[in-house]
Amino acid sequence: MSTTQKDLYQQTLGCVHCGLCLPVCPTYRVLGMETDSPRGRIYLMRALGEGRIENLDVVRTHLDRCLDCRACETACPSGVQYGNLLESVRGDLEQKAPSRGLRPRIARFMVRHLLIHQRRLRLAFSALRAIEVVGLRKLARILRLIPRSLDAIAPPVPGGTQRAPLKTGLHQPKGPVRGRVGLFTGCVMEPMFGHVNRATLAVLLANGFEVVIPKAQRCCGALLVHMGLPDDARTLAKANIAAFADCDVILNNSAGCGAALKEYGHLLDAPAAANFAKKCRDICEFLDSVGLTQLPAARNVTVAYDDPCHLCHAQGVREAPRKLLQQVDGLKLVAHARPEDCCGSAGIYNLLQPELAAEIGKRKAETLTKAGAQLVVTGNPGCMIQIGASLRGIGDHTPVCHPVELLVPPAAK
Ligand code: SF4
Ligand code: SF4
């Protein structure tokens with residue numbers, strides 16, 4: 001066994017087989033199989049470390065079904081760091097025997113050559129928008145040229161003004177300055193939810209913060225880590241550490257990106273990476289800690305807040321978004337069952353495991369529908385897309401938005 005393998009094997013020994021993680025695991029709840037539970041997967045990883053499994057495809061099948069939602073980490077009394085374990089083993093498997101299926105190959109290509117490159121992504125979204133405008137998406141749907149699962153998830157591409165990136169450089173507030181923050185703008189947030197980035201900037205400026213948006217920032221690398229490609233992710237991490245070198249606080253509004261940024265210390269194992277990670281905050285986590293000096297615009301609306309897995313389980317941020325939403329005059333928060341359950345988005349999981357993601361999404365939509373809210377709020381672009389699609393799938397057209405959209409003061413609108 002190599003040192004890394006020994007280390008991974010040691011980590012699997014932390015599991016005492018109590019089974020407390022099983023009821024919170026979305027894949028176990030749907031499939032009911034031990035091998036698709038956290039305990040079963042840890043057992044498989046341990047068997048791999050002991051050299052008792054020769055057929056790597058068996059392990060891969062069950063690890064691929066894992067959402068990396070980390071609900072099991074929250075439930076585990078023994079403190080098993082399941083996310084780190086999973087990502088390390090995936091990386092190990094990817095090196096020894098890269099997954100050969102068509103879907104993973106396409107996904108690997110798309111992530112490596114498109115999703116993590118901001119300029120290519122912008123061009124791709126412009127092309128997709130043009131295709132939609134001339135009606136080719138409808139035609140492709142009729143001719144069944146795009147998978148039904150993808151068509152059901154993907155919302156229409158916003159127009160050019162909405163997709164326009166935020167201006168890079170320094171943005172200054174009109175009033176007194178409370179501090180300076182760096183803003184990480186994300187790869188999917190910009191073309192799909194540009195209005196969320198604009199709301200984030202508006203809230204920060206209205207609340208007295210100078211905002212620096214470094215031009216040299218790159219994708220956070222989360223998708224690469226989840227796919228077992230940590231070396232590619234390390235290149236991006238180094239670029240981001242350099243891009244934000246002058247910032248003491250680095251904010252983001254995507255739970256998935258935020259979790260990845262906070263784990264750079266683990267990814268790179270270097271003091272500069274650990275220092276960078278300490279400076280990273282989710283936008284709600286930050287605003288709650290510093291307090292709002294400008295109250296948000298009043299709204300007469302009932303809201304169900306759903307916790308993104310990578311905010312509650314990976315970053316431990318649960319109360320901050322709720323406390324901020326409660327400061328919106330007229331807004332009423334309503335509870336729904338199992339707000340910390342994964343919605344089935346999990347990066348590009350809904351494209352790689354469409355059937356399982358659809359069932360997990362349907363369960364999430366059913367609990368949200370029962371809450372009867374007029375608006376669903378969640379702080380991650382993937383969750384916004386997946387929850388919106390899952391709600392529509394059961395005939396519920398409740399809109400979904402990001403918490404920061406509800407925090408914009410009237411004067412900043
Ligand atoms: S990360 Fe989520 S899907 Fe994977 S084993 Fe843990 S609870 Fe289950
Ligand atoms: S809760 Fe922790 S110790 Fe118990 S079975 Fe799950 S991973 Fe193992």
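I looked up the meeting of two helices. His113, Leu114 and Leu115 in helix 7 meet Arg120, Leu121 and Ala124 in helix 8. Contact here means heavy atoms within 4.5 Å. By class, I get four nonpolar, one polar and one charged residues in this contact. Ala, Val, Leu, Ile, Met, Phe, Trp, Tyr, Cys and Pro count as nonpolar; Asp, Glu, Lys and Arg as charged; the others, Gly among them, as polar.

This is a predicted model: local features need pLDDT of at least 70, side-chain atom pairs pLDDT 80 or more, while totals for chains, interfaces and linings use all residues. Residues are numbered from 1 along each chain as written, chains are lettered from A and ligands numbered from 1 in written order, and side-chain values use heavy atoms, without hydrogens and water.

Next, the geometry. Helix 7 (residues 102–115) and helix 8 (residues 118–133) pack at about 105 degrees, axes 8 Å apart. That makes helix 7 roughly perpendicular to helix 8, a label for angles of 65 to 115 degrees. Helices are DSSP runs (H or I, at least four residues), numbered from the N terminus.

Then the ligands. Around ligand 1 I find Cys25, Pro26, Pro38, Arg41, Cys66, Leu67, Asp68, Cys69, Arg70, Cys72 and Tyr82, each with a heavy atom within 4 Å. This shell holds eight nonpolar, no polar and three charged residues.

Around ligand 2 I find Cys15, Val16, His17, Cys18, Gly19, Cys21, Arg39, Ile42, Cys76, Pro77 and Ser78. Its shell has seven nonpolar, three polar and one charged residues.

How values were computed. Axes are lines fitted to C-alpha atoms, for helices over the stretch in contact, and angles run from 0 to 180 degrees between N-to-C directions. Angles under 35 degrees count as roughly parallel, over 145 as roughly antiparallel, 65 to 115 as roughly perpendicular and the rest as oblique.
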